[in-house]
Amino acid sequence: MLMRTDPFRDLDRLTQQVFGTPARPAVMPMDAWREGDEFYVEFDLPGIDPSSLDLDIERNVVTVRASRAELDPGRSMIAAERTRGVFSRQLFLGENLDTDAIRADYHDGVLRLTVPIAERAKPRKIEITRRDHERQAIDA
């Protein structure tokens, strides 16, 4: 039996599965922005049972895990494009964020993380001292 393979087509298919396409984005798309002294990240997780959400942080890496129930095998599906089962995404946070004070909220299918900017990263004024220009004799 002779099988024809196209390695470029296989690579394209794998790339679409991992990174998504405009018509079918990758799992857990997100938006991130800064407002004032806080950094926000929102993950789209429609149809997720809030009890299945898991949020971990180790050093500056946040891991979000979620699961969506498998389809009823008795259904005759016409289209099934939403990801099922357990999936996760990692987000690498900068050192200038206060990872000890992260807050998370899940509402209307959106998981929002609020991360305060660390005090050490906020702009601050530095006092400048002025030296007296008079020379003093040093006793030996």
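Contact here means heavy atoms within 4.5 Å. The model described is predicted.

The protein chain holds one helix and seven strands. Read from the N terminus, the order of elements is α-β-β-β-β-β-β-β. The chain has 140 residues, and 21% of them count as buried. Its accessible surface comes to about 11,900 Å². Carbon and sulfur atoms hold 49% of that surface. Among contacts with a separation of 6 or more, 48% come from residues 24 or more positions apart.

Three strands form an open sheet in the order E3-E4-E5, with antiparallel pairing. Its edge strands are E3 (54-58) and E5 (85-92), each of which pairs on one side only. From one strand to the next, the twist averages 20°. In general, strands of a sheet pair through backbone hydrogen bonds, and the pairing is either parallel or antiparallel. E3 and E4 are joined in the antiparallel sense by five bridges. Glu58 stands opposite Val61, a residue of E4.

Thr63 also lies in strand E4, which spans residues 61-68. The relative accessibility of Thr63 is 9%. Residues under 20% are classed as buried, so Thr63 counts as buried. Neighbours within four places in sequence were set aside when its contacts were listed. The remaining partners of Thr63 are Asp54, Leu55, Asp56, Arg89 and Gln90. Asp54, Leu55 and Asp56 fall within the residue range of edge strand E3, 54-58. Arg89 and Gln90 fall within that of edge strand E5, 85-92.

Ala104 has Leu113 in E7 as its bridge partner. The two strands form a hairpin with two residues between them. In this hairpin, Asp108 takes a positive phi near 55°.

Definitions and conventions
Residues are numbered from 1 along each chain as its sequence is written. This is a predicted model: local features need pLDDT of at least 70, side-chain atom pairs count only at pLDDT 80 or more; totals for chains, interfaces and linings use all residues. Side-chain values use heavy atoms; hydrogens and water are left out. Helices (H or I, at least four residues) and strands (E, at least two) are DSSP runs, numbered from the N terminus. Buried means under 20% relative accessible area, exposed over 50%, partly exposed in between (1.4 Å probe, protein chains only). Two strands pair if DSSP finds at least two bridges between them. Axes are lines fitted to C-alpha atoms, for helices over the stretch in contact, and angles run from 0 to 180 degrees between N-to-C directions. Accessible areas come from the Shrake-Rupley method with a 1.4 Å probe; for residues, only the protein chains shown count as cover.
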